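Please have the model open while you read.

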Amino acid sequence: MVSKRLEAAINKQINAELWSAYLYLSMSMHFNNEGLPGIANWFLNQFKEEQDHAHKFMNYMNAKGNRVELTPIDKVDTSWKSVLHAFEETLKHERVVTQLINDLVTIAKEEKDYASDNFLQWFVNEQVEEEETAQGIIDSLRLIGDNGFGVYSLDKELGTRTYTAADVSATGGE
Ligand code: FEO
């Protein structure tokens, strides 16, 4: 079992991952409406990945004999003034998630819970990738500026992103 303190923090993290999923689903729906199906596709894949993250935490809680408590998911924004704005919000949010993961690692280390520390390293690595990807797209968007063909091309490129299910098992993916 993990401690009650870590259990409570992981339950909050499950909610944060599901909130992230909801945020990216909202972005996906927005860009569908804006006539940018590739960008909508990118965010739909992101939505699925966030669900995997929540699922992985839930499987870990189950494996350790702890309790998962699903709590209400706060509302999310429903529109963004530009593609750049949405990706800036994405990066900002992922940085918050990185801090939350770091806080979980700190608790695990303080409690000498090495299994949880080890489990959390998957998320530590995942966050490096999440931030790098969002930053890369922001860099491209800043170069593109107001160039409509640039946005069109990026939409085509992001439309090729496919979903690969993560290993959501409690011990997989290290
Ligand atoms: Fe689950 Fe995008 O971090």
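1. A word on burial to begin with: a residue is buried under 20% relative accessible area, exposed over 50% and partly exposed in between, with a 1.4 Å probe and protein chains only. By that rule Phe123 is buried, at a relative accessible area of 0%.

2. The model is predicted, so local features need pLDDT of at least 70 and side-chain atom pairs count only at pLDDT 80 or more, while totals for chains, interfaces and linings use all residues. Residues are numbered from 1 along each chain as its sequence is written, and side-chain values use heavy atoms, leaving out hydrogens and water.

3. Eleven aromatic pairs are present (ring centres of Phe, Tyr or Trp, the latter by its six-membered ring, within 6.5 Å; planes under 30 degrees apart are stacked, over 60 edge-to-face, the rest tilted). Phe57 and Phe119 are edge-to-face, because their centres are 5.6 Å apart and their planes stand at 75°. This pair joins helix α2 (residues 37–63) to helix α4 (residues 114–144), across 62 residues (helices are DSSP runs of H or I, at least four residues, numbered from the N terminus).

4. Phe57 is buried, with a relative accessible area of 0%, and Phe119 is buried at 3%. Phe57 also pairs with Phe123: centres 4.1 Å apart and planes at 20°, so this pair is stacked.

5. Elsewhere, Tyr24, Phe31, Trp42, Phe43 and Phe87 make up one aromatic cluster. Arg161 lies over the face of Trp42, 4.6 Å from the ring centre (CZ of Arg or NZ of Lys within 6 Å of the centre and within 35 degrees of the ring normal).

Methods. Helices (H or I, at least four residues) and strands (E, at least two) are DSSP runs, numbered from the N terminus.
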